[in-house]
Amino acid sequence: MHILIIGAGGMIGRKLAVELSRTGSLGGRKIERMTLADVVQPPSPSGSVSSVDAIAADISAPGVADTLAALRADVIFHLAAIVSGEAERDFEKGYRINLDGTRALLEAIRVEGIRERYMPRLVFTSSVAVYGSPLPDPIPDDYVLAPLTSYGTQKAISELLLADYSRRGFLDGVGIRLPTIVIRPGAPNAAASGFFSGILREPLAGQRSVLPVKDTVKHWLASPRSAVAFLIHAATLDTSVLGARRTLNMPGVAATVADQIAALGRAAGAEAETLIDRKPDATIEAIVSGWPKSFLPKQAASLGFVAESSVDELIDVYLADDAPKAG
């Protein structure tokens, strides 16, 4: 089995590569080879996979998607994207990478299959940003997609392409709409949702953080550990049960900012809560106000996808997996 991870340099991509390398198998099959691709050459994890290649590759650049498709990987994880805040600020870059890059990859796979029969499993990471207000709370699986950001629009179009290329038999696609990932390790990124991690991660380390929205803001969250598990489960899923709709809402935790702060206090004491500086940001508030608050992911649950059930669990996962260790 050959695994290709596009976007392997990102936080989730790195964790996915480490997990697959650790287990050395996927769906009961031994992984013989793994190719890791990103704009900057990603790190190669150690483990039980005999052959790991790490390459610098921008799928939006001419010819790169063709080169990746020619590898004829059995399973392709497509995680490459720029995040929501950056896609909103840089319209052209967002569409070039998030949409044009995805289309180039799907088309390259189709053409590769014309030369010689080839139909890989492709797992695509979408986002809850494909939804836009007004929204029910919770959102059912069959609710209409109506994004209110460029990032959400790019992901929604990519979902339609994934479904069509799957329907035509060019690939076997599964899309997963990831909740906002909390707690993200490392430095803050350009995502509009970054503060959901920041108001926990920084105070847990004794550092100050900025909260740009009201305490009443409610959102859908899951840990990096769950995100990796979603991807692996999607790669082994029997897609015959999906029908024409190839993208699933993932399970998660519905929590307000106030819920997060309360959980922070339980984990690190009341003094940690005082490290949060409330600085309203109208741009961030406008973006977040149109996002989903919670879901009823019945189909994903019936197919075996699972996530945390509380912010306390999200914090526990971070402390176990990613928090800097003392000393």
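**Figure 1. Charged side chains and overall build of the predicted model.** The protein carries 33 positive and 36 negative side chains, where Lys and Arg count as positive and Asp and Glu as negative, with His and the chain ends not counted. The centres of the two sets lie 3 Å apart; each charge is placed at NZ of Lys, CZ of Arg, CG of Asp or CD of Glu. This is a predicted model, in which local features need pLDDT of at least 70 and side-chain atom pairs count only at pLDDT 80 or more, while totals for chains, interfaces and linings use all residues. Residues are numbered from 1 along each chain as its sequence is written, and side-chain values use heavy atoms, with hydrogens and water left out. The C-alpha trace spans about 60 × 50 × 40 Å along its principal axes.

**Figure 2. Surface and contacts of the whole protein.** The protein exposes about 13900 Å², and carbon and sulfur atoms supply 53% of it; accessible areas come from the Shrake-Rupley method with a 1.4 Å probe, and for residues only the protein chains shown count as cover. Of the 327 residues, 53% count as buried. Buried means under 20% relative accessible area, exposed means over 50%, and partly exposed lies in between (1.4 Å probe, protein chains only). Among contacts with a separation of 6 or more, 76% come from residues 24 or more positions apart, where contact means heavy atoms within 4.5 Å.

**Figure 3. Two nonpolar cores.** A nonpolar core is a set of buried Ala, Val, Leu, Ile, Met, Phe, Trp, Tyr and Cys residues joined through side-chain atoms within 4.5 Å. The largest nonpolar core has 36 residues, of which Ile3, Ile5, Leu20, Leu26, Phe77 and Phe305 touch the most other members. Two or more residues each come from β1 (2-6), α1 (11-23), β4 (33-38), β6, β9 (172-178) and α7 (224-235). Helix α7 gives the most to this core, with six residues. Apart from this core lies another, of 33 residues, among them Ala192, Val213, Val257 and Val311. In soluble globular proteins, nonpolar side chains tend to be buried together.

**Figure 4. Surroundings of Phe305.** Leaving aside neighbours within four places in sequence, Phe305 is in contact with Phe230, His233, Ala234, Leu237, Leu248, Met250, Pro251 and Ala300.

Figure 5. Thr35 belongs to strand β4 and is buried, with a relative accessible area of 2%. Beyond residues up to four places away in sequence, Thr35 touches His2, Ile3, Leu4, Ile5, Asp53, Ile55 and Leu71. His78 is part of strand β6 and, at 1% relative accessibility, counts as buried. With residues up to four places away again not counted, His78 touches Ile6, Ile59, Thr102, Leu105, Leu122, Val123, Phe124 and Thr125.

**Figure 6. Ala65 in helix α2.** Ala65 is found in helix α2 and counts as buried, at 4% relative accessibility. Not counting residues up to four places away in sequence, Ala65 touches Ile59, Ala104, Leu105 and Ala108. Ala65 and Glu107 are 42 residues apart in sequence, and their C-alpha atoms are 8.4 Å apart in space.

**Figure 7. Helix α6 and the residue position after the helix.** Nine of the 11 residues of α6 are buried, so this helix is largely enclosed by the rest of the structure. The buried residues are Phe195, Phe196, Ser197, Gly198, Ile199, Leu200, Arg201, Glu202 and Pro203. Just after α6, Gly206 takes a positive phi of about 80 degrees.

Figure 8. Most residues other than glycine have a negative phi, and most peptide bonds are trans. The peptide bond from Asp137 to Pro138 is cis, with omega near 10 degrees, and Pro138 sits in the loop between β7 (121-127) and β8 (139-140). Val182 and Ile183 are also joined by a cis peptide bond, with omega about 10 degrees; Ile183 lies in the loop between β10 (180-181) and α6 (194-204). Arg72, a residue other than glycine, has a positive phi near 55 degrees. Arg72 is in the loop between α2 (64-69) and β6 (75-78) and counts as partly exposed, at 25% relative accessibility.

Key: Helix = DSSP H or I, 4+ residues; strand = E, 2+ residues; numbered from the N terminus.
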